[in-house]
Each structure stands twice: as structure tokens, then as C-alpha cells.
Amino acid sequence: MTATASPARGTTTAEDELAALQREHGRPLFALLLRLCDGDRQRAEDLVQETLLRAWQHPEALRADAFDSVRPWLLTVARRLAIDARRARQARPPEIGDAVLENARVIADHAERAAATLDVREAVKTLTPQHRDVLVLVYFQGASVAEAAETLGIPPGTVKSRAYYALRALRRGLPGYATDLR
């Protein structure tokens, strides 16, 4: 593209050629990019602009005698730009708006979870051996009431009552964790 001034309007020939490219190929470029951007009009418009900027930066590609139309070259550039943009978005964490953060559930960090685990272990040590054995089997090892009853050699009703009283004792010993133990 040459940069000579057009006396009638004060624009350069390069600007005229770029405007002509936009008029002739803008719609197909936008349609392709809109599909590649999953319907995101803003991103598609940005990529059309970037594609035309690349065409302006590489006038030698537009004047190549090897092809009749520049549209295939423009569509190829647009597709590659869309792929690069998608890869760039996937390489960084997704952006989160303020509205999403207001509704987000607060999750305790690892340090709090580790401290809570230590507190629970210390509280379990204060239980009687019978209550501790039931809690370890049912809550920490995931045994059913029947399996715990068979392992300990006691009736299932006794397993249930010991578990109830053990949890009640833990609630008294861990007042800040009472809601987590219900």
C-alpha cells in the first residue's frame, strides 16, 4: 500500500485501500470470527480490526500475483488470530466479575483445615476408649453401624448411643466447630 495523499479528501491511498478491504471482506471476516469466538461480538470485532491491521502492515501479501483474491489470505490470518486469542485466554486463569465473587462460597484454606484436624484429634483423645473406638470406626474409617457392632462385639444400638454421646462430648470440647459436627 502506498502512502500518497489523495487531494480530494485528504486521505492516503493506503487508507483508501484499507477502507476498500473493510467494505469488501469485512462481513465474511466478521462472520468467521464470530463463529470462532463462540458468538462473542466484541472479541470478533477486535479480531477483524487486528486482521485488517495485519493486512495494512503486510501490503506485499495483498499484491501477490499468485492469487486472484486476498480473501483467503485474510481468512487465514483471522483464523490464526482467533486461535492465538483462544490459547492466550486458556493459558491464564478465567476472569471473575464482582457479582460472582459476592455469591461465591467461602472455603477455608489449608492452614485452617490443618489446625481444625489437630483440634479434633486432641478432642478425640479426651473421649473414653469405648466412645473413641466407635467414632474411629464409624466416622473416620467409614464403617456401617452393623460393621462397627460386629468388630467391637457389641449390639448395634450400643454403637448408635456411643456415637451420639461421643459427638455430644466433642461438641462441648470444640465449641467453635459445633456447626461442622452436626
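Tutor: Start with Tyr165, which counts as partly exposed at 45% relative accessibility. Partly exposed lies between buried, under 20% relative accessible area, and exposed, over 50%, with a 1.4 Å probe and protein chains only. This is a predicted model: local features need pLDDT of at least 70, side-chain atom pairs count only at pLDDT 80 or more, and totals for chains, interfaces and linings use all residues. Residues are numbered from 1 along each chain as its sequence is written, and side-chain values use heavy atoms, with hydrogens and water left out.

Tyr164 is also partly exposed. Its relative accessible area is 47%. A search of the whole structure finds one aromatic pair. Tyr164 and Tyr165 form that pair, edge-to-face, at 5.0 Å centre to centre and 80 degrees between the planes. Rings of Phe, Tyr and Trp (its six-membered ring) pair if their centres lie within 6.5 Å; planes under 30 degrees apart are stacked, over 60 edge-to-face, the rest tilted.

Now the packing around α9 (156-173). The buried residues of α7 pack against α9 and also against α8 (145-152). Contact here means heavy atoms within 4.5 Å. Helix α7 spans residues 129-140, and its buried residues are Val134, Leu135, Leu137 and Val138. Helices are DSSP runs (H or I, at least four residues), numbered from the N terminus.

How values were computed: Helix = DSSP H or I, 4+ residues; strand = E, 2+ residues; numbered from the N terminus.
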